[in-house]
Amino acid sequence: MRYLILVTLLAFEAMAGARTVAVHGHRGSRGYYPENTLPAFAHALKVGVNVLELDTGITKDEQVIVSHDPVINPRHCLDKDGKVVTSKVILKNITLKEVKEYDCGALKNSDFPKQTPVPKTSIPTLSEVFELATKDESLAASKVLFNIETKIEPGNPELYTDPGKFVKLLYAVIKKHGMEKRVIIQSFDFRTLVEIRKLDRRIPISLLLSDEPGDLAKLVKEYKPNIVSPNFKWVKEKHVNALKKLGVQTIPWTPNRESDWKKLIKMKVDGIITDYPDDLIRFQVPFSE
Ligand code: G3P
Ligand code: CA
């Protein structure tokens, strides 16, 4: 048995060594399990991701939860009676106990044909994701990092918690679990990145960019990020090179096709955020030889 474990570990190490980019499992592994759920994160750990990508929000009772949307999404969740959600339920207006009543694993996301529903799966807290990784005894889990997105937008205060409060609550959970050295904070709303820098300068920050910015160097000068995460659709080698010169990593989101992975790896990006982390891991082994 011990030999088997050792062989498996060595195989994993060899495989990890063959990786040219870090593999970030998007919303855990959305291609296979309902997004941002414990089954999706468990699967990502099982296949050996380097980083778990996840989205966070805050409940009425100030709990940090893992959700892409500021509302209960009727495309993904059923109510406590197993019925379709017909009203707009804003997460920041309900307690964690109420959040936990929704089943956000029963419905298959039709955009991901290989996704397996997991009925009776609730929206997890960030603490539950940290606990999942801590309890998992695999090598991947012991080293895994967490790329945590603060889901917040300026201009919609009825949906989102104020950035200062959001980050204070998020940082308290990170500290409680001793995860300061294993997290990256990413956001489209740079206000939260400024806030986290005030609390802990050691935590890497990542600027999420939907569109190509007019002046990338200016943006970097202003926010001093460790990472820039562009939409993979517009990123080019010139951006990767420019960022590298400034000491900034490039980690695009969210390519799911081999042809796109190949292009990005050739550009020498530092990581790739994908819904199919196991496929990207397999793809990189022959690629690097
Ligand atoms: O990590 C970046 C990526 O997750 C941003 O897009 O909408 O999937 O959160 P979204
Ligand atoms: Ca995200």
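A crossing of two helices is called right-handed if the near helix is turned clockwise from the far one by less than a right angle, and left-handed if it is turned anticlockwise. In this sense helix α6 passes helix α7 in a right-handed crossing. The model described here is a predicted one.

**Helix packing**

Two packed helices are described by the angle between their axes and the distance between the axes.

| Helix pair | Angle between axes | Distance between axes |
|---|---|---|
| α6 and α7 | about 50 degrees | 9 Å |
| α2 and α4 | about 30 degrees | 10 Å |
| α4 and α6 | roughly 25 degrees | within 10 Å |

Helix α6 covers residues 163–176, and helix α7 covers residues 190–199. These two helices pack at about 50 degrees, and α6 is therefore oblique to α7. On the α6 side, the residues that meet α7 are Pro 163, Gly 164, Val 167, Lys 168 and Tyr 171; their counterparts in α7 are Arg 191, Thr 192, Glu 195, Ile 196 and Leu 199. Sorted by class, this contact of α6 with α7 holds 5 nonpolar, 2 polar and 3 charged residues.

Helix α2 spans residues 38–47, while helix α4 spans residues 126–135. Their axes form an angle of about 30 degrees, so α2 counts as roughly parallel to α4. The crossing of α2 and α4 is right-handed. Leu 38, Phe 41, Ala 42 and Leu 45 of α2 make the contact together with Glu 128, Val 129, Leu 132 and Ala 133 of α4. By class, the contact of α2 with α4 comprises 7 nonpolar residues, no polar residues and 1 charged residue.

Helix α4 also packs against α6, with axes that cross at roughly 25 degrees; α4 is therefore roughly parallel to α6. Here too the handedness can be stated: α4 passes α6 in a right-handed crossing. Leu 126, Ser 127 and Phe 130 of α4 contact Leu 170, Val 173 and Ile 174 of α6. The residues of the contact of α4 with α6 divide into 5 nonpolar, 1 polar and no charged.

**Nonpolar cores**

In soluble globular proteins, nonpolar side chains tend to be buried together. The largest nonpolar core of this model has 63 residues. Leu 52, Leu 126, Phe 130, Phe 146 and Ile 148 have the most contacts inside this core, and helix α6 gives the most to it, with 7 residues. A second, separate core has 12 residues, including Leu 91, Val 99, Tyr 102 and Ile 123.

Residues up to four places away in sequence left aside, Phe 146 touches Val 51, Leu 52, Leu 54, Val 129, Phe 130, Ala 133, Met 179, Arg 182, Val 183 and Ile 184.

**Individual residues**

The buried residues of α2 are Ala 40, Phe 41, His 43, Ala 44, Leu 45 and Val 47. Gly 48 follows this helix, and its phi is positive, near 90 degrees. Although Asn 36 is not a glycine, its phi is positive, at about 55 degrees. Asn 36 counts as buried because its relative accessibility is 3%.

Lys 268 likewise is not a glycine and has a positive phi, of about 70 degrees. Its place is in the loop between α10 (258–266) and β9 (271–274). With a relative accessible area of 56%, Lys 268 is exposed.

His 76 lies in the loop between β3 (64–66) and α3 (96–99). Its relative accessibility is 12%, so His 76 counts as buried. Apart from neighbours within four places in sequence, His 76 is in contact with Glu 35, Asp 69, Asp 103, Cys 104, Gly 105, Leu 107 and Asn 109.

Thr 134 is located in helix α4. Thr 134 counts as exposed, at 56% relative accessibility. From C-alpha to C-alpha, Thr 134 and Val 144 are 9.7 Å apart in space, and they are 10 residues apart in sequence.

Technical notes. Residues are numbered from 1 along each chain as its sequence is written. Chains are lettered from A and ligands numbered from 1 in the order in which they are written. This is a predicted model: local features need pLDDT of at least 70, side-chain atom pairs count only at pLDDT 80 or more; totals for chains, interfaces and linings use all residues. Side-chain values use heavy atoms; hydrogens and water are left out. A nonpolar core is a set of buried Ala, Val, Leu, Ile, Met, Phe, Trp, Tyr and Cys residues joined through side-chain atoms within 4.5 Å. Buried means under 20% relative accessible area, exposed over 50%, partly exposed in between (1.4 Å probe, protein chains only). Helices (H or I, at least four residues) and strands (E, at least two) are DSSP runs, numbered from the N terminus. Contact means heavy atoms within 4.5 Å. Axes are lines fitted to C-alpha atoms, for helices over the stretch in contact, and angles run from 0 to 180 degrees between N-to-C directions. Angles under 35 degrees count as roughly parallel, over 145 as roughly antiparallel, 65 to 115 as roughly perpendicular and the rest as oblique. Ala, Val, Leu, Ile, Met, Phe, Trp, Tyr, Cys and Pro count as nonpolar, Asp, Glu, Lys and Arg as charged, and the others, Gly among them, as polar.
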